[in-house]
Amino acid sequence: MTAPSLDGILETAVYVDDMDAAHGFYEGVLGLTRMVAGDRLFAYDVGPAQTLLVFYRGHTGEDVATPGGIVPGHDSVGHSHFAFRVDAGKLQAWRDHFVRCEVEIISEVVWPAGGTSLYFNDPDGNVLELASAPLWPNFT
């Protein structure tokens, strides 16, 4: 049985304990524009049809009724991981920006295919990555 095709990932989620610190980081350091600000979630524009959801940990486990239907509850414990894609030519600018913002690069990996990843933490300890192509076979 063949599944219908997908068009990509629309949303990526991260859970945090301090929404103000998260906003300072995601908007102030990473330069993302906040599209939604609520009590339990912030949503940031990451690029065309791409959204980063920052959820307030422990406040999203219950179902939420909306005029359009029920949003099932979800939550997470521990640190999560996700990656932003960046042009290889911008990696040094990001290294310099992180120095100015006092964000520690915790690891840098040059992948066998030739891409490079910079790993760093958000204020809640989630592991974030800036990755340049080529890395995965579908990311060249």
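Student: Which residue in β9 is the bridge partner of V110?

Tutor: T116 is the bridge partner of V110. Strands of a sheet pair through backbone hydrogen bonds, in a parallel or antiparallel way. Here β8 and β9 run antiparallel and are joined by 5 bridges. Two strands count as paired if DSSP finds at least two bridges between them. Strands (E, at least two residues) and helices (H or I, at least four) are DSSP runs, numbered from the N terminus.

Student: What should I know about the model before reading on?

Tutor: It is a predicted model, in which local features need pLDDT of at least 70 and side-chain atom pairs count only at pLDDT 80 or more, while totals for chains, interfaces and linings use all residues. Residues are numbered from 1 along each chain as its sequence is written, and side-chain values use heavy atoms, with hydrogens and water left out.

Student: What is the strand order of the open sheet?

Tutor: The order is β7-β10-β9-β8, an open sheet of 4 strands with mixed pairing. β7 (81-85) and β8 are the edge strands, each pairing on one side only. On average, neighbouring strands of this sheet are turned by 20 degrees against each other, with direction ignored. Such angles come from axes fitted as lines to C-alpha atoms, for helices over the stretch in contact, and run from 0 to 180 degrees between N-to-C directions.

Student: Which strands of the sheet does α2 touch?

Tutor: α2 packs on the sheet by touching β8, β9 and β10, and its direction makes about 20 degrees with that of β9. Contact means heavy atoms within 4.5 Å.

Student: How do I read the sides of a helix, and which residues of α2 are buried?

Tutor: An α-helix has 3.6 residues a turn, so residues three or four places apart point the same way. In α2 the buried residues are L91, W94, H97 and F98. They lie on the same side of α2 because they cover an arc of only 115 degrees around the axis. The arc is that of the directions from the helix axis to the C-beta atoms. Buried means under 20% relative accessible area, exposed over 50%, and partly exposed in between (1.4 Å probe, protein chains only).

Student: What do the buried residues of α2 pack against, and which exposed residues does the face turned away carry?

Tutor: The buried residues pack against α1, β8, β9 (116-121) and β10. The exposed residues V99 and R100 sit on the face turned away from the buried side.

Student: What follows α2?

Tutor: E102 does, with a positive phi near 60 degrees. E102 is a residue other than glycine, in the loop between α2 (91-101) and β8 (105-110). Its relative accessible area is 74%, so E102 is exposed. A49 also has a positive phi, of about 60 degrees, and is not a glycine. A49 belongs to the loop between β3 (41-47) and β4, and at 62% relative accessibility it is exposed.

Student: How many salt bridges are there?

Tutor: The rule asks for a side-chain nitrogen of Lys or Arg within 4 Å of a carboxyl oxygen of Asp or Glu. By this rule the count is 2. One joins the side chains of R57 and D17, at 3.2 Å from N to O. R57 is in the loop between β4 and β5, and D17 in the loop between β1 (11-16) and α1 (19-29), so the pair ties together parts 40 residues apart in sequence. R57 is buried at 15% relative accessible area, whereas D17 is partly exposed at 47%. E108 and R95 form a salt bridge too, with the closest N and O atoms 2.6 Å apart. This pair links strand β8, which holds E108, with helix α2, which holds R95, across 13 residues.

Student: Is T60 buried or exposed?

Tutor: T60 is buried, at 0% relative accessible area. It is found in the loop between β4 (50-56) and β5 (64-66). Leaving out residues up to four places away in sequence, T60 touches Y15, R40, F55, G73, H74 and D75. A polar atom of the T60 side chain lies 2.5 Å from the backbone oxygen of H74.

Student: Which residues does a cis peptide bond join?

Tutor: A133 and P134, with omega about -5 degrees. P134 is in the segment after β10 (127-131).

Notes
Polar contact = N/O pair within 3.5 Å; in protein donor to acceptor, adjacent residues only side chain to side chain.
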